[in-house]
Amino acid sequence: QLFTGLVVLYFCFVPFLKLLCGLLSQLKYVDAAVSVEYFLIAAALVVLSGVMESLVKCKFPKIDGDLLDYISGCLENISAPTEEDVYEAIGEVLLGSVDGCSERAVRGLCAEIVDYSQTSGASVDTGALHQALSAPVQLGAIAQAVEKDLQEASSIFMKQNREVSNVDQKRLEKAEAKIRQKNEKRATTKPAATNDQPLMQEASANQVLNKRDMKQNGKVTDIHLENVDLSFGEKVLLQNASVTLSFGRRYGLVGRNGMGKSTLLRAIGKRSLRLPGHISILHVEQEVVGDDTSALNSVLECDVERKELLEREQLLTGATREPQPVAGAGPDINTELMKIYARLAELEADTAPARASRILAGLGFSTAMQEQPTKQFSGGWRMRLALARALFAKPDLLLLDEPTNMLDLRTVLWLEHYLQSWTTTIIVVSHDRSFLRTVATDIVHLHAQDLTTYKGDYGIFMQTKEERLKNQQKEYEAQKQYRQHLQDFIDRWRYNAKRAPLAQSKIKILQKLPVLKPVVVDPDVVLRFPPCEGLQGALVQLSEVSFGYTPDKTLFSKVDLTIDAQSRIAVVGANGAGKTTLLKILLEELSPTKGMRSNHRNLSMAYFSQHHVDSLSMQLSSLDLFREKFPGCRDEAYRQHLGSYGVSGELATRPIATLSGGQKSRVAFAVMTWKKPNLLVLDEPTNHLDVETVEALGRALVKFPGGVVLVSHDETLIDMVMQELWVCGDGTIKSLEGGLKEYRKRILAEIDASGL
């Protein structure tokens, strides 16, 4: 009777408690509302348990008390029960444990329990207490919001004690006025950030420190990065990733655009990730600052120890010739000089100018250019100078991010040859398959927020990766089936008194199984150029064309070339031979000094510059950029066009400044082809693209119905697209029979003959 009274009381107060819960939620008393809701759930569980227990005891009066508690617990864990669910949970237990129990009686009991649950609404979904998060929760932002709400909260339920202030209001106003004046002065003197130079976010990194390596004090040469977490803003790039870099190995870091390759190199270079302090790191990222220092001396000065020893040697040598003591010179000058000479001999300081000159020559600097001040070089040549300084310094860990971007094909071949004899550790990010095949001894694949190391060059990596992914998928599917088998057994026998211990052992086995992730397959990269008007005959024709920036210096002369809608032309040659000048003549940005250039009357050309980033507004999103450049169309048309180059979804609404280099290139492709040109002129289009996107670009150029003129150092792209090879050099531009293989053979012969 007491229990019946409690049940009646519960159902009378439930509507009132639910109304109170809703009112508390509207008043932002979230904690109180949650407490009331939990009280409702707990009360419902108590009522439901008691009713179920009463039904069982009425049906079977002689049932044991412990068995009754066990059955009640089984019924509590069933949400939205059916008759079969209840029978499976308690049927066999009752039949095997209660004397005189028949299957018909048990079936009748199960039907009564289900009827009660459905009619009374007393069934409770206990899963509501435990829910999986559908997205990451930013606890810091939540804490700030709650703190702000608490500060702004004021209601009749909260009493605020206001203390009487004894501060002189006039003095307070004067102090506040002075503070405002200082802030205004700072705001006027501090330069404001322009739209073209947005403030970039810094990546955040975290890792588990290897204490063994930290204790070895200069003895360890291998680098162990364990359980690394790396994120850029809200985007997680790495999670619990580990990699070991063995000393003397050359690692190629590969992965899709936007996965975080450059961010990882930057984190290592800035030591955001902890590395042994004695390991020297050099990250080639920024160009050399221009000043009056010659290119050769700029390279020599990067060896700080050699520079300091030579300055000290010069000071001490001067001190031996002076009758009076020189400041800074010790009493035992000769002994110190001997130590300096011994150290200089160890560093091979006497051969340093020759080594620096050899590196500069290999990177395309002539003898005269090596003596020029660095301020006279363009940005591309200063990047080469930064690369030369890194090669000369020879750090323990050299980080190269797209080192071939500013190089011509001849220089790329020299760099491949030079790095093959490198004795310390290298991590290089490159889109050039041929470069990775030649240089890399190992490949580190950045994929699915993890780092995986593969032995061998890029070709071996592609084969091994496919096999590893197949094996990983098979292992995942096998474990998935095994997990399902265990779970079915547990669900069937968990509440059976005889087999409950066996079910518990299966639960322990299930908990100890390693968690395997399903294979994440990257979608195929597809680039689609829009269809264009098909033109017959020559699109552009050069007849006896000559050009020179000054009358006394002709860059090339007597050039006869023809471009039609089926042309796939690759232009190669050393830097300064006239490749970019030829493109500007085709684009009518420059006029020939002699000869004639003629274009088709319906010709529409598009130009992709290797400095395409300069033409993009960094603060705008890709979608806003199209609205600004090409107004008058619907957003669906802009999105469809951007989607043809892989810039879709949320990526199209992000500021361009936050995109990776390859993603910016895709936006530039989309801008270039909006007006459906029938001749594409491309100057180093592969810069910043990943390997897969380079291949997609090659396939798109092959299918393009118009003409293509391509300047590139990427051998893979040239092989895919080229039907004709133009070589710039020796004062002319000629088509080369034999194509890229013949040109490569000539370049390697020149490098061997020069001794570089």
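**Rings, charges and burial**

Author: In this predicted model, the charged end of arginine 384 sits over the ring of tryptophan 381, at 4.4 Å from the ring's centre.

Reader: How do you know that lysine 394 also belongs with the charges over rings, and which ring is involved?

Author: The ring is that of tryptophan 422, and lysine 394 lies over its face at 5.4 Å from the ring centre. The distance cut-off is 6 Å, together with a limit of 35 degrees from the ring normal.

Reader: Why is tryptophan 381 called buried?

Author: The relative accessible area of tryptophan 381 is 16%, and buried means under 20%. Tryptophan 381 is therefore buried.

Reader: What makes phenylalanine 365 and tryptophan 381 an edge-to-face pair?

Author: Start with the total: the whole structure holds 17 aromatic pairs. For one of them, phenylalanine 365 with phenylalanine 377, the ring centres are 5.5 Å apart and the planes meet at 75°. Centres within 6.5 Å make a pair, and planes over 60 degrees apart make it edge-to-face, so phenylalanine 365 and phenylalanine 377 get that label. The pair of phenylalanine 365 and tryptophan 381 has its centres 5.1 Å apart and its planes at 75°, so this pair is edge-to-face as well.

Reader: What do these two pairs connect along the chain?

Author: Phenylalanine 365 lies in the loop between helix H13 (352–362) and helix H14 (367–370), while phenylalanine 377 is in the loop between H14 and H15, twelve residues away. Tryptophan 381 belongs to helix H15, so its pair with phenylalanine 365 ties together parts 16 residues apart in sequence.

Reader: Is phenylalanine 365 buried or exposed, and how do you know?

Author: Its relative accessible area is 2%, against a cut-off of under 20% for buried, so phenylalanine 365 is buried. Phenylalanine 377 is buried too.

Reader: Which residues make up an aromatic cluster?

Author: Phe529, Phe608, Tyr645, Phe669 and Phe704 form one.

Reader: Why are cysteine 302 and cysteine 728 called buried?

Author: Cysteine 302 has a relative accessible area of 16% and cysteine 728 one of 5%. Buried means under 20%, so cysteine 302 is buried, and so is cysteine 728.

Reader: Why is glutamate 544 partly exposed, and why is lysine 558 exposed?

Author: Exposed means over 50%, and partly exposed lies between that and 20%. Glutamate 544, at 44%, is therefore partly exposed; lysine 558, at 61%, is therefore exposed.

Reader: What is particular about phi in glutamate 544 and lysine 558?

Author: Glutamate 544, in strand S10 (residues 538–547), has a positive phi near 55° without being a glycine. Lysine 558, in strand S11 (residues 556–564), is not a glycine either, and its phi is positive at about 55°.

Reader: What lines the second largest pocket, and how do the residues divide?

Author: The pocket has a volume of about 1,400 Å³ and is lined by 45 residues, with Ala574, Asn575, Gly576, Ala577 and Gly578 nearest its centre. The lining divides into 15 nonpolar, 17 polar and 13 charged residues.

Terms used
Residues are numbered from 1 along each chain as its sequence is written. This is a predicted model: local features need pLDDT of at least 70, side-chain atom pairs count only at pLDDT 80 or more; totals for chains, interfaces and linings use all residues. Side-chain values use heavy atoms; hydrogens and water are left out. Helices (H or I, at least four residues) and strands (E, at least two) are DSSP runs, numbered from the N terminus. Buried means under 20% relative accessible area, exposed over 50%, partly exposed in between (1.4 Å probe, protein chains only). On a 1 Å grid over the protein atoms alone, a cavity is a set of points where a 1.4 Å probe fits but cannot get out, and a pocket is an open set with protein on both sides within 12 Å along at least five of seven lines; lining residues have an atom within 4 Å of a point. Grid points are joined across faces, edges and corners, and a volume is the space filled by probe spheres set on the points. Ala, Val, Leu, Ile, Met, Phe, Trp, Tyr, Cys and Pro count as nonpolar, Asp, Glu, Lys and Arg as charged, and the others, Gly among them, as polar. Rings of Phe, Tyr and Trp (its six-membered ring) pair if their centres lie within 6.5 Å; planes under 30 degrees apart count as stacked, over 60 as edge-to-face and the rest as tilted.
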